[in-house]
Amino acid sequence: DAKKALNIVAGQCSKKEYCSFDILKKLQRWELEEKDIAAVMEFLVKNHFLDDTRFAEAYARDKHRFNRWGKLKIMQMLRQKRVPERIIEQALSSLPDEESDATCLALLKQKNRGLKEEDPYKRKAKLFRFALSRGFDYETISRCIDQLQD
């Protein structure tokens, strides 16, 4: 029932940041009525258990620091979680650009050591594709590859 569902999701939200979309999907999987789902969601938001802005900033910070993702990949993942664009932009703007460059450069150095490719053009292309898959933008990757070659 709705009361039990509220207690469960409130407990989960007090331990870890969730976005509204994840909780909504969870409540729908439990086959609650629409009015009960709306009431639970309203309670969670009103009592600050659920805050998409707080979630997006924590998500961006953690994925950037620990998973070493670039802004583009973080943006894509937040979009999949249906976080509003203005909140995504706000979360990404809180990430320092210098840190992004340093992360990209460190990843490229590590990848470069593991590459067996001799041809410099193919090597550069592999590094570029790798950095793109990690969500870094072209300008950042170009700067870092230039630094790597110096």
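Helix α7 passes helix α9 in a right-handed crossing, and this pairing is a handy place to start reading the predicted model. The two helices pack at an angle of about 55 degrees, with their axes 9 Å apart. That angle makes α7 oblique to α9.

**Where α7 meets α9**

- On the α7 side, the contact is made by S100, D101, C104, L105, L108, K109 and N112.
- On the α9 side, the partners are T140, I141, R143, C144, I145, Q147 and L148.
- Sorted by class, the contact of α7 with α9 has 7 nonpolar, 4 polar and 3 charged residues.

**Where α7 meets α8**

- Helix α7 covers residues 97–114 and helix α8 covers residues 120–133; they pack at an angle of about 135 degrees, their axes 10 Å apart.
- Angles over 145 degrees would count as roughly antiparallel and 65 to 115 as roughly perpendicular, and α7 and α8 are therefore oblique to each other.
- The crossing of α7 and α8 is right-handed.
- From α7, the residues in this contact are C104, L107, L108, K111 and N112, and they meet R123, L127, F130 and A131 of α8.
- By class, the contact of α7 with α8 has 6 nonpolar, 1 polar and 2 charged residues.

**Where α4 meets α5**

- The α4 residues in the contact are F55, A56, Y59, A60, K63 and H64, while α5 supplies I74, M77 and L78.
- The residues of the contact of α4 with α5 divide into 7 nonpolar, 1 polar and 1 charged.

**Cysteines**

- If you are setting up bonds, the structure holds 0 disulfides.
- For C13, the nearest cysteine sulfur belongs to C19 and is 9.7 Å away, and C13 is in no disulfide.
- C13 counts as buried because its relative accessibility is 7%.
- What keeps C104 and C144 from being bonded? The sulfur of C104 is 3.8 Å from that of C144, its closest cysteine sulfur, which is too far for a bond; a disulfide needs the two sulfur atoms within 2.5 Å.
- C104 has 1% relative accessibility, so C104 counts as buried.

- S100 is found in helix α7, and at 6% relative accessibility S100 counts as buried.
- Leaving out residues up to four places away in sequence, S100 touches H64, F136 and T140.
- One of those partners, H64, is also part of the α4 side of the contact with α5.
- L148 lies in helix α9, which spans residues 138–149.
- With residues up to four places away in sequence left out, L148 touches L105, L108, K109, N112 and L127.
- How far apart are L148 and L50, C-alpha to C-alpha? The two are 43 Å apart in space and 98 residues apart in sequence.

**Two loop residues with positive phi**

- E31 has a positive phi of about 55 degrees, although E31 is not a glycine.
- E31 is placed in the loop between α2 (20–29) and α3 (34–46).
- Is E31 buried or exposed? With a relative accessible area of 70%, E31 is exposed.
- R82, another non-glycine residue, has a positive phi of about 60 degrees.
- R82 is found in the loop between α5 and α6 (85–93).
- R82 has a relative accessible area of 54%, so R82 counts as exposed; the cut-off for exposed is over 50%.

Note on methods: Residues numbered from 1 in each chain as written. Predicted model: local features only at pLDDT ≥ 70, side-chain atom pairs only at ≥ 80, totals over all residues. Heavy atoms only, no water. Axes fitted to C-alpha atoms, helices over the stretch in contact; angles between N-to-C directions. Helix = DSSP H or I, 4+ residues; strand = E, 2+ residues; numbered from the N terminus. Parallel < 35°, antiparallel > 145°, perpendicular 65-115°, else oblique. Left-handed = near helix turned anticlockwise from the far one by under 90°. Contact = heavy atoms within 4.5 Å. Nonpolar A, V, L, I, M, F, W, Y, C, P; charged D, E, K, R; others polar. Buried < 20%, exposed > 50% of the residue type's maximum accessible area, 1.4 Å probe, protein only.
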